[in-house]
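Visitor: Can you walk me through this one? I'm new to reading structures.
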Amino acid sequence: MADPPGMKRVLCWGAVGIEVGHRLGAREPVSELDPEVPSTPACAMAARRAGSALVRVHHRDLPADGAARRPRMEVLHQRCAGLDVHKDTVVACVRIAARGETRREVRTFRTTTRELLALADWLAAHGCSHVAMEATGVYWKPVWHILDAAGLTLVLANAAQVKAVPGRKSDVNDATWLADLDAHGLIRASFVPDAATQELRGLLRTRKQLVREQVGHRQRIQKVLEDANIKLDSAIADVVGVSGRRMLEALIAGESNPATLAGLAHRRLRASPQALADALHGRVTRHHRFLLALHLRQIDALAEAIV
């Protein structure tokens, strides 16, 4: 049957089979049944058009499952593994694809060095070439170091990017999910620097933390001075600078005369002696002196560690 000019055939679901009308995307019908009134709105509309011809195709002309067979995803790694890392345990799932079949084996290891070495041997015995794990805090690092020394190709995944579908979440399911994603190459690896860069990064992060602690002790000194009604931070910018350090040490030693304390200021200090004397006029107790001495020692120790 020839199609009218500008018309093509389309498949529409009917009550008995599939109705074919002159629309875009359809092929020539295979068989024709009784042309009763179409049941779907789209096909009924096509039937009312001029030059429209509708036929039906029986279900036996379709695949058995009623839909076209879906193509399978390509497997990039025939033998791979997924690790669900925790503080005390590691759940490992080995995925082996061979002869059109997929076989999985799951084991749980402790995070001690002996158990992690056994994990590396177990993965090597199965011929795993790629291993995927999530970046969970710092717990993944010892696992990474030992498996990397064993010569395995490791992939560190962002937990937010490999999150499984909610429901029935368990350690075994998480490890299996990681293994399946790694087998198809669906995990975007996070950056893991080399050993030298990791050491430098650790030093810089430690230095940053020490500087934060040093700033915290300076703020505590200001709180102690405020509790003693010493307004030193209002007169000078840095209470642990050259001038402030001299005044604090004198306060710790027991000096309480404001004029004497103001005379310890550096000659280039902008504040006037009278303003300093007024700021240093307070009520300093033995408890305040103890706290000031304690925080100054901590600042000195941290400054030595930072340098």
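This is a predicted model: local features need pLDDT of at least 70, side-chain atom pairs count only at pLDDT 80 or more; totals for chains, interfaces and linings use all residues.

Visitor: Which residues are buried in α3?
Guide: In α3, residues 140–149, they are W140, V143, W144, I146 and L147. Buried means under 20% relative accessible area, with a 1.4 Å probe and protein chains only. Helices (H or I, at least four residues) and strands (E, at least two) are DSSP runs, numbered from the N terminus.

Visitor: And what covers them?
Guide: The cover includes β4 (79–85), β5 (89–98), α2 (113–125), β7 (130–134) and β8 (153–157).

Visitor: New topic. Where is V91?
Guide: V91 lies in strand β5. Its relative accessible area is 4%, so V91 is buried.

Visitor: What does V91 touch?
Guide: Leaving out residues up to four places away in sequence, V91 touches G82, L83, D84, V106, R107, T108, D171, V172 and A175. Contact means heavy atoms within 4.5 Å.

Visitor: How do α5 and α10 pack?
Guide: Helix α5 (residues 195–227) and helix α10 (residues 286–306) pack at an angle of about 160 degrees, their axes 9 Å apart. Axes are lines fitted to C-alpha atoms, for helices over the stretch in contact, and angles run from 0 to 180 degrees between N-to-C directions.

Definitions and conventions: Residues are numbered from 1 along each chain as its sequence is written. Side-chain values use heavy atoms; hydrogens and water are left out. Buried means under 20% relative accessible area, exposed over 50%, partly exposed in between (1.4 Å probe, protein chains only).
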